[in-house]
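Please find below some notes for a colleague who has not looked at this structure before. They are set out as numbered points.

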Amino acid sequence: MSDPGPIASARADGRHTLTEAEGKRLLASAGIETTAFQACADADEAVAAADAIGYPVVAKVSSPAVTHKSDWAGGVGVVVGLDSPEAVREAATRIFGAADEQGIAADVLVEEAIDLDRGTEVIVGGVRDPSFGPVVLTGLGGVFTEVFEDTSHRIAPVDHAEARSAIEALRAAELLYGYRGSDPADVDALASAVVAIGDLVTEHSIAELDVNPLLATTDGVIALDALVVLEA
Amino acid sequence: MMPFDERGAVSLTQLFDPSGVAVVGASRTEGKIGYVAMENAAEFAGPVYPVNPSGEGELFGSAFVPSVAEIDGPVDLALCCVPGPAMPDVLDECGEAGIGAVVIYASGFAEAGAEGEALQDEIVAVAAEHDISLLGPNTSGFVVPATDLRCSFASGVGEVPAGNTAVVAQSGGVAHVLAFQSRRQRRGVSAMVGLGNRANVGFAEAIEYFDGDDRTDAIVLHVEGTDDGRRLLETCRESDTPVIAYKVGQSDVGAFAESHTGALTGDHELYTAGFAQYGVPTVDATDDLLDAAAALGGSPTPDGPNVGVVTAQAGPGIIITDRIQRAGGRLPELTPETAERVDEILPGITYDDNPVDTGRPMPAFGEVVTAVAEDSNVDIVLVYELFEEALGFPVAALDGLADRVDKPVLFATEGIESELAGERDALEAAGVPTFETPERAADAAGVLARYAELHADGPDDEPATDGGRSLPGGVAGTGVSPRE
């Protein structure tokens with residue numbers, strides 16, 4: 001059973017959207033591996049967090065007021081490839097500055113950087129449909145989701161075999177099975193993540209949930225981002 | 001008061017198998033709904049009562065009754081040909097008179113804005129008070145040909161023959177489209193129902209009823225949209241009778257989606273994926289719906305998607321071969337034993353693999369079909385043969401073949417309709433569903449193949465442990481039920 005704590009804390013604040021840190025804690029409690037991360041209230045904390053996590057890191061704005069972080073404030077909301085304390089301090093200072101300008105409360109989330117070439121970007125999501133109830137979506141990430149809409153849906157909850165069938169139904173599923181000599185992804189681990197997301201949407205009052213991207217590698221899957229919107 | 005769910009079965013029997021029928025608002029004026037409804041209902045073998053306070057004498061052989069309260073005799077069902085605003089009072093009278101099922105033809109309810117919605121809420125409340133099943137409002141009704149129960153105000157419904165497919169359509173108009181098509185296809189229906197606004201009889205109630213109906217071997221659904229999709233799916237999964245669905249409309253996704261997932265989740269995706277997940281093959285045309293029902297309802301359930309094709313003419317066989325694979329079927333190789341058998345029956349035939357092409361109709365055609373049907377690699381048999389008057393169809397060889405090999409045997413043909421009609425009926429009577437074009441037969445075989453995969457128990461249901469793929473890609477919903 002996943003931890004209702006992050007949802008309760010958002011509810012206690014009167015928020016319908018979880019912060020990325022809360023979202024990742026929810027995923028971790030459901031057995032989905034996430035990148036190491038720490039929410040930091042100032043630039044010094046951000047540098048200390050980066051030292052602890054190890055370089056390079058990613059810095060992201062973390063605020064209930066910001067849903068799409070990379071589009072926010074002219075692109076300062078997500079900065080990747082920070083390989084020194086100076087770079088972390090500069091990125092964090094810009095994020096705090098932009099938040100001050102907009103008059104919103106924000107933290108900086110410092111995260112372990114993951115080499116995207118280690119695997120295939122996948123999206124796994126959940127949504128509560130008014131007619132069908134909890135639904136889980138599986139899709140190939142990036143351009144495959146946004147341009148080709150190569151996704152498949154299942155009514156949740158699903159078992160492992162149904163989750164595998166959702167993966168196999170993708171038109172470009174070949175990419176996960178070792179395309180042109182690349183290493184095949186751990187499809188069983190991906191199926192387990194699909195099951196877990198289906199369970200999360202079934203068990204909690206979640207309206208929408210995105211794990212985008214979820215990186216599917218040869219030895220497991222790892223969530224690089226999490227968006228969780230609660231029911232009103 | 002019993003909750004509706006517990007009462008439902010009893011109440012739907014009163015709807016589809018009533019002791020007697022009241023036509024409320026029956027009229028002598030030709031052209032009025034109250035006239036046509038009475039004209040159609042009068043064919044029913046049980047008592048039919050025209051109800052109208054200003055009616056005098058008889059209408060279509062039955063005496064007018066001033067109100068349902070004054071009906072002297074058995075009555076379960078009332079067909080209401082009165083305007084919407086009169087319905088709450090009429091329903092109350094029906095309830096007092098012990099009537100358990102009511103058809104409301106009138107429109108102007110939930111489909112027509114806030115006032116209509118309020119009126120619909122009112123009739124649902126009255127119906128709940130009296131445990132009445134409401135078909136409609138905003139429907140053209142239903143027909144059960146086997147008992148001449150014609151509760152529709154459309155002309156010609158009496159010509160729809162009795163068959164073994166139950167048509168359950170969201171739209172009364174589409175229910176009639178399917179019923180008349182089934183007549184043209186010489187198949188007929190066990191019942192056709194237009195649900196209309198589904199005040200308290202919806203897809204789930206109708207599917208449950210027809211699943212238990214002895215005359216029904218397949219249920220076809222026409223779906224525009226329902227606000228309880230999950231219950232529809234769960235009812236389909238519970239049904240022992242095969243269900244096939246045609247979901248119309250590719251509506252927009254939720255306008256307020258904040259996530260990619262929300263923006264990528266449309267109604268159509270959910271119906272298509274949900275039906276497959278819950279064991280219901282879907283099709284994209286009214287003809288396909290009836291073809292699929294003929295194939296599924298008239299045949300043993302196939303064990304797998306492998307189709308053995310026997311054709312007397314190469315060209316149609318090539319069309320079928322091409323089409324089956326796109327429709328979800330597979331063409332297995334025949335066993336060496338079968339190839340040998342076919343060689344012995346027809347030395348030097350054109351092509352003795354799958355499809356088996358005999359090159360022309362011939363007396364031994366039935367033996368070839370039998371050999372392929374008995375092949376252990378074959379789950380479904382599809383035969384194409386142009387009608388040759390001197391030879392006829394291989395009825396004797398095919399009679400009972402499907403039951404004996406426990407596999408569907410489908411037969412597609414073409415020729416002069418009047419010349420082949422008798423032989424075609426003989427095939428149907430012998431347990432062989434027939435089809436009019438190679439494409440439609442191939443598509444029906446494709447539905448059988450998908451049905452077999454959606455209902456497969458066994459290895460495909462187990463999580464693969466080798467990290468490899470258990471099935472080729474592209475087959476949506478490869479057949480496992482969600483966790484209970």
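1. P56(A) sits in the loop of chain A that runs between α3 (43-53) and β2 (57-62). Keep in mind here and below that the model is predicted.

2. Chain B also has a cis peptide bond to a proline: this one joins N354(B) and P355(B), with omega about 5°. P355(B) lies in the loop between β15 (351-352) and β16 (356-357) of chain B.

3. Two residues of chain B deserve a look for their backbone angles. N138(B) is not a glycine, yet its phi is positive, about 65°. Is N138(B) buried or exposed? There are 24 C-beta neighbours inside 10 Å of N138(B), so this residue counts as buried, the cut-off for buried being 20 or more.

4. The other is D406(B), where phi is near 60°, again a positive value in a residue other than glycine. D406(B) is placed in the loop between α15 (401-405) and β18 (409-412) of chain B. With 13 other C-beta atoms within 10 Å, D406(B) is partly exposed.

5. D72(B) belongs to the loop between β4 (62-63) and β5 (77-80) of chain B. D72(B) counts as exposed because it has 9 C-beta neighbours inside 10 Å, and a residue is exposed at 12 or fewer. D72(B) and D217(B) are 145 residues apart along the chain, and 36 Å separate their C-alpha atoms.

6. For chain A, the domain assignment gives domain 1 as 36-112 and domain 2 as 116-230. Taken over C-alpha atoms, the centres of domain 1 of chain A and domain 2 of chain A are 27 Å apart.

7. For chain B, the assignment gives domain 1 as 4-287 and domain 2 as 300-454. The centres of these two domains of chain B, again over C-alpha atoms, are separated by 38 Å. Seven residues from domain 1 of chain B and five residues from domain 2 of chain B make up the contact. On the domain 1 side of chain B, the residues that touch domain 2 are five nonpolar, one polar and one charged.

8. Next come two helix pairs, one in each chain. Two packed helices are described by the angle between their axes and the distance between the axes. In chain A, helix α6 (residues 160-168) packs on helix α7 (residues 187-203) at an angle of about 110°, and the axes are 8 Å apart. That angle makes α6(A) roughly perpendicular to α7(A), as angles of 65 to 115 degrees count as such. From α6(A), the residues H160(A), A163(A), R164(A), A166(A) and I167(A) take part, meeting V187(A), L190(A), A191(A), S192(A), V194(A) and V195(A) of α7(A). Sorted by class, the contact of α6(A) with α7(A) has eight nonpolar, two polar and one charged residues.

9. In chain B, how do the axes of helix α6 (residues 203-211) and helix α7 (residues 229-238) cross, and within what distance do they come? They cross at roughly 10° and come within 9 Å. α6(B) and α7(B) are therefore roughly parallel to each other. F203(B), A204(B), I207(B) and E208(B) of α6(B) make the contact with R231(B), L232(B), T235(B) and C236(B) of α7(B). The contact of α6(B) with α7(B) has five nonpolar, one polar and two charged residues.

10. Why is α6(B) described as largely enclosed by the rest of the structure? Seven of the nine residues of α6(B) are buried, which is the reason for that description. The buried residues in α6(B) are F203(B), A204(B), E205(B), A206(B), I207(B), Y209(B) and F210(B).

11. The largest nonpolar core has 200 residues, and V23(B), L79(B), V167(B), V168(B), I244(B) and L410(B) touch the most other members. Apart from its neighbours within four places in sequence, L79(B) is in contact with V21(B), V23(B), V24(B), A37(B), A41(B), V103(B) and C151(B). A second, separate core has 24 residues, among them A46(A), A50(A), A59(A) and V108(A).

Key: Residues numbered from 1 in each chain as written. Chains lettered and ligands numbered in written order. Predicted model: local features only at pLDDT ≥ 70, side-chain atom pairs only at ≥ 80, totals over all residues. Core = buried A, V, L, I, M, F, W, Y, C linked by C-beta atoms within 7 Å. Contact = placed C-beta atoms within 7 Å. Domains from an automatic or database assignment. Axes fitted to C-alpha atoms, helices over the stretch in contact; angles between N-to-C directions. Helix = DSSP H or I, 4+ residues; strand = E, 2+ residues; numbered from the N terminus. Parallel < 35°, antiparallel > 145°, perpendicular 65-115°, else oblique. Nonpolar A, V, L, I, M, F, W, Y, C, P; charged D, E, K, R; others polar.
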